[in-house]
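Open the model in your viewer and keep the selection tool ready. We will go stop by stop, picking residues and looking at what is there.

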Amino acid sequence: MLLIKNGLVLDPASDTEARLDVLLEGDRISKVGANLAAPGAEVFDASDLIVAPGFIDLHCHLREPGGELSETIESGTRSAARGGFTAVCCMPNTHPVNDRASVTRGIVERAAATASVRVWPIGAASMSSKGEALAEIAAMKDAGIVAVSDDGKPVATARLMRQVMDYCNGLGLPVIDHCEDTSLFAGGSMREGTQSIRLGVPGIPSQTESICVGRDVEVAQITGARLHVAHMSTRASLGYVRAAKKLGLRVTCEVTPHHFTLTDEDVIYDTRFKMNPPLASRSDRDALIEGLADGSVDAIATDHAPHHPASKDVEFDRAPFGIVGFETALALGLDQLVHTGALPLMRLVELFTTGPARVLGIERKLAAGQPADVTIFSTDHAWIFRASDSPSKSHNSPFDGRSFHGAPMATIVAGKIVFRR
Ligand SMILES: [Zn+2]
Ligand SMILES: [Zn+2]
């Protein structure tokens with residue numbers, strides 16, 4: 001038994017904001033209330049801390065199988081636990097691609113043996129994510145996938161997207177798309193604009209993303225399926241999502257911490273600023289913050305994309321896209337969104353908990369009978385992120401050395417403390 005005492009409980013599902021105790025028994029929450037007593041229970045003093053439902057990350061890359069030099073399920077989930085995440089959804093662009101039940105089962109078994117937090121695999125939409133034949137979606141669902149995506153690439157065509165959506169509709173799975181028109185992308189390395197011209201780096205126009213979001217929303221209108229837009233980065237994309245929601249379509253979206261924090265003006269010749277989608281304009285960034293505040297954006301997701309130091313230590317053009325993100329996600333949310341007054345704290349908690357849960361079609365709340373997944377954090381703890389201190393095997397973060405106010409203080413999964421600051 002674990003008794004979390006005197007914390008400020010923030011539970012978006014019930015709109016609870018009160019100083020309460022939370023009692024965990026076994027792998028379940030058994031009681032939430034004032035002045036709980038539980039003789040013999042281990043006590044966690046959460047005075048001055050926030051007690052929230054366990055954070056869920058809808059989008060990460062754990063690199064196993066096949067990319068173990070950059071990350072493993074073991075190292076990645078230890079980093080996730082430090083970031084306050086109790087469950088992470090891992091994208092299928094591993095080697096081999098998670099396009100069949102045998103690969104899904106391998107990930108689930110590795111996670112059971114080595115992971116610090118829950119690992120919920122996402123299956124590929126097409127075999128090898130090549131955009132041709134459909135992947136073994138139904139068999140993967142039986143093996144444990146929670147969604148479908150060809151992330152790393154977009155679902156190749158509107159026709160394939162229609163097939164994938166029809167198929168997933170019957171199975172009750174959301175389709176997550178990495179929205180990108182590959183013909184416009186054309187070998188670019190950062191957002192096309194004044195800064196890309198100044199740096200002489202090949203640019204990627206913002207429409208590369210929004211054209212594909214528009215396509216997907218149109219196809220969702222045919223199919224009525226659940227569409228989730230991954231790592232949305234532009235004002236125009238947000239416009240399509242807002243319009244889709246207004247029409248009553250089941251369209252959701254996520255935004256990463258780096259896209260609500262940085263812009264293309266921050267890009268320098270440093271491959272830790274190279275990610276896909278690229279850092280967008282200031283106007284795009286401001287639009288994302290509006291969307292996070294007004295409910296148009298459903299979740300904050302990290303797109304944690306570890307790359308072994310050797311692979312990032314090359315010229316900007318040749319470096320792979322992506323940055324690590326678990327451990328700075330909450331702190332960036334607090335610094336950029338809450339401490340600035342853009343969002344109330346409850347809304348930030350929603351974007352890490354009930355928001356992503358709704359995208360997956362599950363419940364997440366602090367109530368008796370629920371899984372004992374809890375994230376305890378401080379809104380003012382002063383600390384500095386040092387990538388070299390991370391249990392992740394990769395250190396490709398543009399936030400290395402940045403100081404923050406607020407951090408995860410404890411992460412509890414199935415009743416067990418898996419991280420404590
Ligand atoms: Zn992607
Ligand atoms: Zn990704």
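Select Ser129. Ser129 sits in the loop between β8 (118-123) and α3 (137-143). Helices here are DSSP runs of H or I with at least four residues, strands are runs of E with at least two, and both are numbered from the N terminus. The phi of Ser129 is near 50°, a positive value in a residue other than glycine. Most residues other than glycine have a negative phi, and most peptide bonds are trans.

A word on what you are viewing: this is a predicted model, where local features need pLDDT of at least 70 and side-chain atom pairs count only at pLDDT 80 or more, while totals for chains, interfaces and linings use all residues. Residues are numbered from 1 along each chain as its sequence is written, chains are lettered from A and ligands numbered from 1 in the order in which they are written, and side-chain values use heavy atoms, with hydrogens and water left out.

**Two cis peptide bonds**

Select Glu64 and Pro65. A cis peptide bond joins them, with omega about 10°. Pro65 lies in the loop between β6 (55-60) and α1. Now jump to Asn276 and Pro277. They too are joined by a cis peptide bond, and omega is about 0°. Look for Pro277 in the loop between α9 (257-261) and α10 (282-294).

**A salt bridge in a helix**

Show the side chains of Glu74 and Arg78. They form a salt bridge, with the closest N and O atoms 2.9 Å apart. The term means a side-chain nitrogen of Lys or Arg within 4 Å of a carboxyl oxygen of Asp or Glu. Both residues lie in helix α1 (residues 73-82), 4 residues apart, about one turn of the helix. The whole structure has 20 salt bridges.

**The zinc ions**

Which residues coordinate the zinc ion (ligand 1)? Select Asp151 (OD), His178 (ND1) and His231 (NE2), at 2.0 to 2.1 Å. Donors are N, O and S atoms within 2.8 Å of the metal (3.2 Å for Na, K and Ca); water is not among the atoms, so sites may look incomplete. Along the sequence, the donor residues of ligand 1 follow the spacing D-x26-H-x52-H. Asp151 is in the loop between β9 (147-148) and α4 (158-171), and His178 is in the loop between β10 (175-177) and α5 (182-185), 27 residues apart.

Colour domain 1 (2-50 + 371-420) and domain 2 (55-360). These bounds come from an automatic or database domain assignment. The C-alpha centres of the two domains lie 25 Å apart. At the interface, 42 residues of domain 1 are in contact (heavy atoms within 4.5 Å) with 48 residues of domain 2.

Together the domains bury about 3500 Å², 67% of it on carbon and sulfur atoms. Buried area is the accessible area (1.4 Å probe) that two parts lose on being put together, summed over both. Select Pro391, Lys393 and Asn396. They supply 19% of the area that domain 1 buries against domain 2, more than any other three residues.

How many salt bridges cross this interface? The rule finds 2. For a closer look at a salt bridge, select Arg118 and Asp373, whose closest N and O atoms are 2.6 Å apart. Finish on β17 (403-413). With 9 residues, β17 gives the most to the side of domain 1 that touches domain 2.
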